[in-house]
Structure formats: structure tokens, C-alpha cells
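How are the helices and strands of this model arranged against one another? Please look at the sequence and the structure before reading on.

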Amino acid sequence: MDLKRLRYFTVLAKTSNFTRAADQLGIAQSALSISIQKLEQQLALKLINRTERQMSLTADGQVLLRHARKILEDVEQAQQELQELKGLSRGVINFGVSAMLGSYFLPDTLALFKQTYPGIQINIHEAGTATLEKMLLDGLLDLALIRCDRPHDQLRHTTLLKEQIVACVPHDHPFAGLPAITLEQFCQQPLVLFREGYFLRESVSRYCQQHKITPDIRFETNLIELLKSLVRKEIGICTCLPMILRDEPDLVTVPFDPPIPLHLGLGWKSSHYLSSASRAFVDFLQDRLARENV
């Protein structure tokens, strides 16, 4: 089978629209249509159901899609392994991270890594933890900063950081003088929270669902600086990590009782070839954290 036609087919399956697929591929819609027709003729199978506005895959198309994705991923892995023979003078890493961790945990490390390996390009993809895990499984990322306290049989990881999720409150809030609070106490307050799918939201959402509580959520945003500003203005309180409040004298962190641990690390797909550039990045982060914790 023609690899180009398989790639066209997977993009069409993803977009469910000839016009959008053609735009994404940078080809004419007529060329895409002809390519799909030739693929169907080659296989002697009908792969898609065509309508005026949208298309859908047939049962045969679903089977081909599953194999096509695997074939294209294997080809990409082979190309990467062959590229590795040229050494670490070049390389590309598609790296996923949440906005908060990207802002507070990685800037200095990324700068130092770039100085050490100037020929390696790192493409940053920002999303919530749940989305990053899915992107790893779909082969869209090489590495991602993910939770390591919930093992996944299709992902491998190396732990980098062990933290606790805490409550963030203004310095004059009644919780500020307490040694710890419960999730029940937290959920009874006006809240400003990260959106669903982010690890700082998960514990609160799970608790509310289990206890059939409707929390008083005043704002939802993934912008950590905005969250901190809203807490300062006493709009609500939020969850956070202690490391992002080290230089915030007007904000106080209060631990939860029982504690809410958070183990973070670099994760990658078990079946995905980890390039030399990616391995170098993993080793670099581990070494840097080890030096900082000496």
C-alpha cells in the first residue's frame, strides 16, 4: 500500500471532512478524493461513506484505520532510529506539559538543555494531564510531564518530583492559621479552580461527585497568575503546589488532611521508540534535579 495514501486516509478519518483534510495536508480537495478512490480500488473495499457535508468510515475503513496508524507510526520510528545513527547534533522532541508546570518548573532547565544540545529542537505542547496522557498514547508526543502515582500499562515513566497538592488562601483567611484542612472544608468555600482535566482539579471534582456536592465555583481558568490574583482579591480559594507560592508573601499554603500526594515524572508510550534526543532530555532532567536536591 502507498504510505502517502494511508497518511491521507488517516487525516481524512480524523477530520471527517474532505475540505478540512485537504487544507491540513496542503493539497487540493480533488487530489485527496482521487487518492482515497485509488486506495479503495487497490483494496477492493469501500472505506468511507460519503455525504455532502461529512463523511464517516465504514466497518472496513475502521479496520484499515487501526492498521494504518500502526504502520505509519512504525515507519516514523524507523526513520527516527536511522536518524539516530547521525548522533545528537540534530533532533526534535515533542514534549507535553501543563501551563503551570511549564512556567514554574522548566524554564531554567529548558534553557540549560538548549545550551548543552543546541541542535535539538523541543516543541512544547500545553494541555491538562489527562489530555497529555492521551496524546502520548496516540503517538502525538515523545515525552510528557504526567502523574506517576497511577500506573498505565501502555506508558512508561521516570519520577522527577514528589509534591503535595495544597490549598491557596489569602494571608488573612480563616484557613491561613490552620495546620491543615479537609477537602470537605475546602469545598464549602467559594472556589477559583483550574478547568477539568488538570491534576489540580481532579481531587476536588472527585470529592464533590462522591459526596453529591455542588461546589461554589466563581471562576475557572488555567492561567495560574490570574488564579493567584483572584485569591488575593478574595474571590475564592484554589488548589496549587507549594513551589508556585514561594515568593508570594500575601498568599498562604495550607496542607490537606489527609494529604493529597502528587508524583510527577516524564512519561512516554511503552511501544514508542525513545530517540537519543529524548533519552538525553530524560537524563538531563534527572541529573539536574539530583544536583538540586543534594
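This is a predicted model: local features need pLDDT of at least 70, side-chain atom pairs count only at pLDDT 80 or more; totals for chains, interfaces and linings use all residues.

Residues are numbered from 1 along each chain as its sequence is written, and side-chain values use heavy atoms, with hydrogens and water left out. Helices (H or I, at least four residues) and strands (E, at least two) are DSSP runs numbered from the N terminus.

Two packed helices are described by the angle between their axes and the distance between the axes. For α1 (residues 3-15) and α2 (residues 18-25), the angle is about 130 degrees and the axes are 8 Å apart. Axes are lines fitted to C-alpha atoms, for helices over the stretch in contact, and angles run from 0 to 180 degrees between N-to-C directions. That angle makes α1 oblique to α2; angles under 35 degrees count as roughly parallel, over 145 as roughly antiparallel, 65 to 115 as roughly perpendicular and the rest as oblique. In α1, Arg7, Tyr8, Val11, Leu12 and Thr15 meet Phe18, Arg20, Ala21, Gln24 and Leu25 of α2 (contact means heavy atoms within 4.5 Å).

The open sheet has six strands in the order β4-β3-β5-β10-β6-β9, with mixed pairing. Two strands pair if DSSP finds at least two bridges between them. β4 (120-126) and β9 (238-240) stand at the edges with a single partner strand each, so one side of each has no neighbour in the sheet. On average, neighbouring strands of this sheet are turned by 30 degrees against each other, direction ignored.

Which strands pair with β3? β3 and β4 run parallel and are joined by seven bridges, and isoleucine 93 stands opposite isoleucine 122 in β4. β3 (residues 91-97) also pairs with β5 (residues 143-147), in the parallel sense over two bridges. Here phenylalanine 95 stands opposite leucine 143 in β5.

Two helices lie across strands of the sheet. Helix α6 (residues 107-116) lies across β3 and β4, at about 160 degrees to β4. Helix α7 (residues 129-137) lies across β3, β4, β5, β6 (155-170) and β10 (251-269), running at about 135 degrees to β5.
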